[in-house]
Amino acid sequence: MGLAAPATADPAPARVPAQVTTPPDPGGEGEHSDTATGTIPTFVPRARIDAAPELDGTARAVSALPASGLPARLTSRSTSMLPTFSGSVVDASTGSSIWTRQSTTALRPGSTMKLLTATTAMRTLGTRHHFVTPVLRGGSRGDHVYLKGVGDPTLNSFRLDKMAASAAYQLKKAGVRTVSLRVDDTLFPAPTNAPGWERSDVGQWVTPVRALAYDGRMEQDSTMDTGRRFRAELVSRGITVRDLHRGRTVPGARQIAAGSSPELRRIVGDMLRVSHNDYAEKLLWASAMKAGAPRTWAGVTAHSRSQVAHYGVSTSGGVLADGSGLSRSNRLTSRTLTQLVLALHRHSIMRPVVFGSASMPVAGRTGTLEKRFGTAPASCAVDRVRAKTGSLRDAGAMAGIATGIDGRRRVFAVISNGQPYDADLRARIDRLVATTTLCM
């Protein structure tokens with residue numbers, strides 16, 4: 001049968017599905033336009049962020065306003081977002097509440113839902129986890145080749161081609177030059193839309209969730225699309241492929257090649273920084289399948305709920321419908337989000353992943369916050385905030401941690417529903433969050 005070729009680690013950049021980020025907004029400056037498409041280049045932090053990886057704040061000197069007046073200022077600046085608003089601020093050191101406003105009101109959180117998905121994936125799979133996509137050989141004559149999907153959201157053409165080259169070598173070594181190719185995506189059930197996904201979302205902002213896909217291509221059947229690419233590569237290397245079908249890997253099939261993803265901590269970092277919908281949904285499903293959860297949206301989201309509960313985070317009153325936050329059925333409270341951010345910040349393993357320079361966006365610098373906090377008075381908070389954003393056409397949210405001019409860190413979450421997610425709402429959210437740094 002020959003020895004299995006080693007898993008091929010991918011030196012090429014991870015891939016992001018073209019145009020699969022978050023929904024568009026009328027202002028043209030929302031998450032969708034801030035998110036990378038195509039290849040995610042190796043992240044190189046700017047000097048300011050390098051100098052302050054723990055968010056010490058290196059922005060221009062600004063006199064701090066008194067912390068005693070912070071609750072009143074937050075209340076005043078949140079008024080314009082009532083009545084469908086939820087806000088919470090806590091001290092990162094003590095966990096004590098600094099300010100709340102309707103903090104137990106559950107609203108559509110948009111992509112801040114990805115914080116729950118990140119937690120679920122890291123707790124279930126481990127931050128050092130690699131997705132290893134195997135190629136196996138089986139059948140009575142050893143002439144059936146199986147490409148088995150494992151839910152790797154980063155599988156790309158570079159890695160796939162290397163896997164085909166290794167497989168072709170092993171087949172020739174075994175004297176096999178004609179094969180039947182089977183693509184196995186049975187790790188996940190046949191894809192269905194999550195509750196609350198609108199028809200126009202699928203194919204534009206998210207793709208059907210299958211266990212096998214490459215290069216983030218916008219394909220309804222990404223499994224067969226991947227199989228066609230793999231078949232072409234086998235043929236180019238002298239292997240005749242008599243047929244290509246979807247099929248479950250037979251018992252006893254032996255691995256002849258494999259491709260390995262980057263570590264999960266890098267995948268999670270990319271997902272949070274650029275607000276990546278397909279990464280989130282695949283991580284949600286892969287985690288739940290690893291844990292043996294029911295193969296339904298209700299089953300995988302229940303698993304997510306159980307994982308964040310492990311850190312003492314209550315999702316009471318909330319609704320979890322997907323992993324990306326795209327669903328209009330999702331509901332979270334600002335209290336849930338502040339609890340989760342605080343737990344992640346205090347966790348020795350989670351903290352460097354979530355709050356590392358290549359992960360959670362930095363105000364005015366990276367990811368979905370690169371073009372935020374750009375105008376006064378909120379610009380005083382540039383470099384001082386690391387946060388996950390969220391947006392739907394009528395919802396805006398932000399949850400993260402801010403370093404005050406007084407040196408204290410404050411965990412915050414704000415969610416606004418019922419108002420158009422436009423430049424005005426974004427500016428109001430930025431001003432509210434900037435207030436937590438005491439710079440305004």
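Modeller: Arg 137 lies in strand 6, residues 132–138. Helices (H or I, at least four residues) and strands (E, at least two) are DSSP runs, numbered from the N terminus. This is a predicted model, in which local features need pLDDT of at least 70, side-chain atom pairs count only at pLDDT 80 or more, and totals for chains, interfaces and linings use all residues. Residues are numbered from 1 along each chain as its sequence is written, and side-chain values use heavy atoms, with hydrogens and water left out.

Arg 137 is buried yet has no salt bridge. Buried means under 20% relative accessible area, exposed over 50%, and partly exposed in between (1.4 Å probe, protein chains only). A salt bridge is a side-chain nitrogen of Lys or Arg within 4 Å of a carboxyl oxygen of Asp or Glu. For Arg 137, the nearest side chain of opposite charge is Asp 143, 7.5 Å away. Lys and Arg count as positive, Asp and Glu as negative; His and the chain ends are not counted. The side chain of Arg 137 does reach the backbone oxygen of Gly 142, at 2.5 Å.

Now the pairs. Side chains of opposite charge can pair when their charged atoms come close. The structure holds 25 salt bridges. One of them joins Arg 393 to Glu 198, with the closest N and O atoms 3.0 Å apart. This pair links distant parts of the chain, 195 residues apart. Arg 393 sits in the loop between strand 11 (385–392) and strand 12 (395–403). Glu 198 sits in the loop between strand 8 (178–184) and helix 6 (222–236). Arg 393 counts as partly exposed because its relative accessibility is 46%. Glu 198, at 28%, also counts as partly exposed. Both residues belong to a network of salt bridges that links Arg 108, Glu 198, Arg 328, Arg 393 and Asp 394.

Other pairs sit within a helix. Arg 273 forms a salt bridge with Asp 270, the closest N and O atoms being 3.0 Å apart. Both lie in helix 7 (residues 264–274), three residues apart, about one turn of the helix. Arg 273 has 5% relative accessibility, so it counts as buried. Asp 270 has 7%, so it counts as buried.

In helix 12 (residues 423–435), Arg 428 and Asp 424 are four residues apart, so about one helical turn separates them. They form a salt bridge, with the closest N and O atoms 2.9 Å apart. Arg 428 is buried, at 12% relative accessibility, whereas Asp 424 is partly exposed, at 42%.

Note on methods:
Polar contact = N/O pair within 3.5 Å; in protein donor to acceptor, adjacent residues only side chain to side chain.
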